[in-house]
Amino acid sequence: MLAAVLFAGAPQSGTNPIQGLLEQVAPAAVPAWAVVAATIGIGVGITVAIVSVIAMFGTWMERKVSGHIQCRYGPMRAGWHGWLQPLADGVKLLLKEDLVPKGADRVLYVIAPAIVLASVLAAMAVFPLAPNFYFADIDLGIFFILAMTSTTTIGVVMAGWSSNSKWSLYGSMREAAQVIAYEIPLGISLLVPIMVAGSFNLIEVSNDQAGWMGMNWYIWPWVNPFMLPAFVLFFIAILAETKRAPFDLPEAESELVAGFMTEYSGIRWSFFFMEEYAAMFLYSAVGAFFFFGGFESPLTWLVRHQFGLTVGVQAEAWSLGAILLTLTSALTIVVKGFAGVFLMMWLRWTLPRVRIDQVMTLGYKYLTPLALVCVLGAGLWEVFVKGFLPWRNG
Amino acid sequence: MSQSTTLPTAAAGTGEREFMLDVRTQDMEVNMGPQHPATHGVMRILIRADGEICTGAQPHLGYLHRCAEKIGENVEWLQYLPYTDRYDYLAAMNNNLGYSMAVEKLMGIEIPRRALMIRTICAELNRIGSHLVAFGTYGLDLGAITPFLYMFREREWMMALFEKICGARLTYSYIRIGGVFNDAPPGWLSEVERFCDTFEEKWQEYVDLLMVNHIFVQRTANIGVIPKAMALDFGLTGPMLRGSGVDWDLRRDMPYELYAEIWKSGCFQIPLGKGERGTLGDCWDRAYVRVMEMIESIKIVRWCLDSIAPGPVIAEIPKTLRVPAGEAYVGIENPRGELGHYVVSDGGKVAVRCRVRGPSFTNLAVLEELLPGALIADSIAIIGSTDIVVGETDR
Amino acid sequence: MEFRGILDRLRAIGAPGLLGHDEPRGADPADKKDKGRAGDPFVLVDPQRLPAFLEVCRDDERLAFDILIDLTAADPSKDDPNLWVLVHLLSLAYRQRLTVKCALSKAAATMPTSVTVHRGAQWHERECGEMFGITFAGHPDPRHILLPEDWLGFPLRKDYVFPDEYHGISCK
């Protein structure tokens with residue numbers, strides 16, 4: 001429903017559908033800044049809601065996935081197959097006593113989880129859930145997402161430092177080292193699809209991959225054969241970025257108890273948790289945008305085919321085809337995003353943890369050079385081979 | 001090359017050093033434990049660390065000290081048996097066996113053959129269970145959570161088997177002085193056979209998931225190397241000794257109970273560390289020995305199942321034991337090494353001295369030597385590979 | 001090699017500090033009170049020369065007691081003026097064990113450390129030190145190991161009186 005309401009905004013690129021809607025319905029007496037403020041309020045609310053829902057679904061999924069991998073069921077009591085479990089957890093965490101350890105740097109200790117969560121919320125703001133459902137459609141979308149998600153590290157280092165616990169400090173130092181090491185291959189491997197698409201904008205990248213039954217996704221070797229290795233590098237890098245096993249050194253529970261969040265409890269701790277799951281989803285959705293077609297899937301192709309819609313052109317607002325396209329696009333990106341999350345969970349529950357020097361070696365000595373090779377190869381392919389491929393010039 | 005990249009030596013004075021950059025740094029002292037997931041109980045290791053590198057380690061024990069030896073001097077011979085369950089609670093059958101054998105040695109009792117068979121089955125099943133925990137938690141230490149639960153699946157069955165035979169899952173007190181408490185219930189032996197079949201199938205899973213997993217090998221090979229001479233010097237026993245390539249197993253070399261007969265039948269081997277993936281005596285070798293021992297134990301259980309015959313399960317012993325004066329030492333091959341019981345009797349109802357030589361205690365001493373120079377993450381791998389049970393180190 | 005063989009070898013090489021030996025025996029029919037002695041044989045060694053004795057046992061090629069399995073002590077009774085210090089040795093090459101016993105005066109319970117010969121003795125000696133009040137001269141780290149550092153008395157001595165409280169915690 002919400003999607004349909006927002007859809008009425010019919011935005012051009014660079015504007016906000018919520019603002020458009022509000023400007024239409026607001027009486028003349030309402031000043032312009034109030035519309036902007038209301039837009040921000042609604043947008044933040046929606047983003048927080050989306051992040052919370054993703055985090056809740058993520059925790060439930062983690063429990064079910066790990067449970068079924070480990071010959072057990074996971075939560076089964078709260079609701080059908082425990083689907084209400086995250087709500088119960090949330091209530092429990094809210095009711096817990098707010099503890100600040102003695103000797104902790106109180107200000108930093110309180111700010112740290114907020115920064116961590118705020119960074120992922122900010123990144124989520126530019127994340128479109130459908131081609132016409134987003135809070136902000138900015139041209140440097142992916143750049144903004146990467147910048148915001150790496151801000152998490154500042155919060156983590158603050159958390160580790162302010163906790164007044166040596167284990168926390170270890171965890172945060174590891175996180176800082178790890179993130180610096182893996183931002184590089186992450187960014188470089190993303191350059192490959194960015195180069196092919198010629199855009200930083202998530203929706204444009206997605207539109208560029210439209211094609212018969214999703215056969216135009218960048219990951220396919222006939223588009224660019226350097227895309228698959230680039231995706232593998234990207235995926236390894238996002239595992240390290242989101243602190244997921246086998247790179248979960250910052251919170252390595254058997255070594256550092258819980259790493260940087262050892263001293264946290266209750267709602268503050270849940271901020272770290274929400275960040276982790278939201279970031280997992282966000283990164284794998286970014287992977288979906290840049291390698292797996294974004295909104296494009298056989299489903300959206302079918303809808304577009306049936307209703308005769310054109311890629312990148314907004315259809316008439318309330319037509320059935322437009323609504324169906326919005327819904328299928330959202331479904332596509334959510335399914336793709338959670339497929340990536342599932343893959344990350346699968347790895348987590350399968351692999352042992354690597355050591356800090358191995359993490360650094362992998363990041364600096366292997367991933368970064370390989371990513372550069374991918375960029376070079378993909379660039380050469382685009383310049384010299386692309387012209388001979390009829391399906392790339394249609 | 002700046003000094004900071006060289007490995008600092010152990011016990012570097014006050015721990016304060018001046019680097020070439022004019023930055024004064026100081027080693028950090030970190031308390032690992034007593035509440036820490038990797039110390040397998042309540043043990044504390046004071047680690048001095050330079051960044052991620054350990055420069056010194058000092059284990060502190062005693063958090064689980066329950067005066068077992070003092071209690072042994074104050075309760076009757078038979079009453080002490082339940083206390084033996086509690087030192088190495090993962091291998092309680094073996095503890096029962098070791099203590100019973102020490103008392104039997106003083107008393108000179110002949111044990112019925114069926115009792116010996118059941119004792120061997122129980123001890124070997126318990127060895128499997130103990131190694132499952134050891135190897136599973138080792139995977140857990142290195143971050144692999146799922147194999148641990150797979151191993152607990154089989155261990156659960158093992159404990160259910162023990163529950164059927166003696167009613168307890170962890171602290172059995174089943175092997176008594178003179179035999180075993182009661183005969184196996186009907187159908188128990190065939191269930192053990194089914195367990196053996198299933199276990200052999202599942203065992204391959206552990207090897208595939210963990211033992212040959214590339215990350216696992218990277219984390220354990222060449223880490224915590226104990227050369228042969230060092231192993232002997234520290235008096236290591238069990239998988240720790242065999243992991244260093246020393247071919248020694250009490251079940252073969254100083255056989256007790258039925259093991260001489262079983263060894264002669266040639267049904268089991270003694271797995272040794274060979275330095276296959278790294279250096280001889282590294283963490284991987286110790287894990288390898290444990291994994292291989294599980295399958296050898298299954299073979300021993302199968303031999304017993306094949307040759308068991310009906311008969312009495314406990315010798316005639318009086319209600320109140322009066323053990324002849326004398327002193328005896330009996331060492332048996334516990335899952336963790338040589339479990340020794342040294343008992344002294346003055347002919348009365350109560351022991352004069354009841355000494356327990358726990359293998360974990362001796363094996364743990366090697367940590368002070370192994371940890372300096374290792375990374376923090378490696379120190380976890382090393383502690384895990386010593387496979388200690390704190391109940392036994394502290395007794 | 002049985003116990004007799006080990007003993008002969010020890011005598012032949014003139015093992016330092018060897019005082020005597022004891023073997024299990026049956027009851028003496030002439031003496032009704034005597035019930036004999038069961039269990040293991042052992043050799044008696046002068047505690048002050050124990051490290052030298054252990055070194056000889058380890059290095060002699062026919063004995064090769066290369067593993068110190070256990071070093072412990074025992075208090076035979078309240079009236080006995082001596083403690084026993086017991087060492088259990090194991091020879092991997094010859095598959096044999098040897099129990100070494102030393103009588104150490106309770107009044108002056110000091111003996112040299114064996115850590116110089118077997119590093120594995122270190123923790124065993126710390127345990128003996130706190131439990132029996134034996135001082136091992138030259139021990140590199142003579143702290144308590146199982147008991148708290150401020151624990152008073154030596155719990156495994158027979159004349160030990162259990163404390164009423166420890167740091168305000170009632171022990172009764």
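# A guided tour of chains A, B and C

Over all chains, the structure holds 56 salt bridges, a salt bridge being a side-chain nitrogen of Lys or Arg within 4 Å of a carboxyl oxygen of Asp or Glu. The model is predicted: local features need pLDDT of at least 70, side-chain atom pairs count only at pLDDT 80 or more, and totals for chains, interfaces and linings use all residues. Residues are numbered from 1 along each chain as its sequence is written, chains are lettered from A and ligands numbered from 1 in the order in which they are written, and side-chain values use heavy atoms, with hydrogens and water left out.

**Stop 1: chain C alone**

Select chain C, whose secondary structure comes to 3 helices and 10 strands. Helices (H or I, at least four residues) and strands (E, at least two) are DSSP runs, numbered from the N terminus. Followed from the N terminus, the elements run α-β-β-β-α-β-β-β-β-α-β-β-β. Along the principal axes, the C-alpha atoms of chain C fill a box of roughly 55 × 45 × 25 Å.

**Stop 2: chain C against chain B**

Of the 2 pairs of chains that touch, chains B and C have the most contacts, contact meaning heavy atoms within 4.5 Å. Here 48 residues of chain C are in contact with 48 residues of chain B. About 3,800 Å² is buried between the two chains, 55% of it from carbon and sulfur atoms; buried area is the accessible area (1.4 Å probe) that two parts lose on being put together, summed over both. Highlight C:Arg119, C:Trp123 and C:Leu146, which supply 20% of the area that chain C buries against chain B, more than any other three residues.

Next, display the side chains. Between chain C and chain B there are 10 salt bridges. C:Asp40 and B:Lys105 form a salt bridge, with their closest N and O atoms 2.6 Å apart.

Colour chain C by element. S2 (38-39), S4 (67-74), S5 (82-91), S6 (96-105) and helix H3 (121-132) of chain C each supply at least two residues of the side that touches chain B. S4(C) gives the most to that side, with 8 residues. The residues of this side divide into 23 nonpolar, 10 polar and 15 charged; Ala, Val, Leu, Ile, Met, Phe, Trp, Tyr, Cys and Pro count as nonpolar, Asp, Glu, Lys and Arg as charged, and the others, Gly among them, as polar.

Select S2(C) together with strand S8 (residues 326-334) of chain B, which pair in the parallel sense over 2 bridges. Two strands pair if DSSP finds at least two bridges between them. The bridge partner of B:Gly326 in S2(C) is C:Ala38.

**Stop 3: the open sheet of chain B**

Move to strands S3, S4 and S5 of chain B, which form an open antiparallel sheet in the order S3-S4-S5. S3 (28-32) and S5 (53-60) stand at the edges, each with a single partner strand, so one side of each is left without a neighbour in the sheet. S3(B) and S4 (residues 44-50) pair over 5 bridges, and B:Met28 stands opposite B:Ala49 in S4(B).

**Stop 4: chain A**

Finally, show chain A. B:Glu52 forms a salt bridge with A:Arg174, the closest N and O atoms being 2.6 Å apart. This pair crosses between chains, from the loop between S4 and S5 of chain B to helix H7 of chain A. Chain A and chain C do not touch, their nearest C-alpha atoms being 25 Å apart.
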